[in-house]
Amino acid sequence: MRDKSNLMPNPEIEEFAKMLVQEVRDSAISSCDVLLRPNAAGPTAKRWKEAAAGDPESFAKVIIPDVVDDTIFELLQAIDGGLLTLSFTASNGKTVDLTAEGLSELAGWYVGIPGWRSMYSQERFIDDYSDLR
């Protein structure tokens, strides 16, 4: 067995790390930063501004699910767009190519009506567009 403490990731793992950080993490931060702009007027931005007027814990409770959802959305967008080519092995043993079999719709299925959040989440989330149904 190899000693993992001195191992450096191979170039392919480093490429994955770079793509993950830039295409998912950085994109999610940029997306959330837009919501904090003074001229941001969407429903999420308005909700954040209202929550910011309260105490820090209340503000955090509002933004945490949004930031997590934005990050997952960006991950799914990267998969949908072929920037991250990932596969998933289901509990039945079948492996699927998420980009090919996701039909470029993973991000949409996540936030859609009804989306994966509403179908599977056991934690809070706010659907700013629920009134459009």
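Okay, a definition to start: a helix here is a DSSP run of H or I that is at least four residues long, and helices are numbered from the N terminus. Keep in mind as well that what you're looking at is a predicted model.

So, why start with helices? Take E57 and K61. They sit four residues apart in helix α3, so about one helical turn separates them. As for how open they are, E57 counts as exposed at 52% relative accessibility, while K61 is partly exposed, at 47%.

How many salt bridges does a search of the whole structure find? Four. I'll go through two others. One of them joins the side chains of R25 and D26, at 3.7 Å from N to O. R25 is partly exposed, with 49% relative accessibility, and D26 is partly exposed too, at 32%.

Next up is R117 with D69, where the closest N and O atoms are 3.1 Å apart. R117 lies in helix α6, residues 116–120, and D69 is in helix α3, so this pair ties together parts that are 48 residues apart in sequence. Are these two buried or exposed? R117 counts as buried, at 11% relative accessibility, and D69 counts as buried at 11% as well.

The charged end of R117 sits over the ring of Y110, 5.9 Å from the ring's centre.

On to aromatic pairs. You describe a pair of rings by the distance of the centres and the angle of the planes. Searching the whole structure turns up one such pair. The partners are W109 and W116, and the pair is tilted: 6.1 Å centre to centre, with 50 degrees between the planes. W109 is partly exposed, at a relative accessible area of 35%, and W116 is partly exposed at 28%.

Last stop, helix α2, which covers residues 43–52. Which of its residues are buried? T44, A45, R47, W48 and A51. Look down the axis of α2 and those buried residues fall within an arc of 160 degrees, so they line one face of the helix. And what do they pack against? The buried residues of α2 pack against α1, which is 11–35, and α3, which is 56–80.

If you want one thing to find on your screen, go for α3: it holds E57 and K61, it has D69, and the buried residues of α2 pack against it.

Technical notes. Residues are numbered from 1 along each chain as its sequence is written. This is a predicted model: local features need pLDDT of at least 70, side-chain atom pairs count only at pLDDT 80 or more; totals for chains, interfaces and linings use all residues. Side-chain values use heavy atoms; hydrogens and water are left out. Rings of Phe, Tyr and Trp (its six-membered ring) pair if their centres lie within 6.5 Å; planes under 30 degrees apart count as stacked, over 60 as edge-to-face and the rest as tilted. Buried means under 20% relative accessible area, exposed over 50%, partly exposed in between (1.4 Å probe, protein chains only). A charge sits over a ring if NZ of Lys or CZ of Arg is within 6 Å of the ring centre and within 35 degrees of the ring normal. Helices (H or I, at least four residues) and strands (E, at least two) are DSSP runs, numbered from the N terminus. The arc is that of the directions from the helix axis to the C-beta atoms. Contact means heavy atoms within 4.5 Å.
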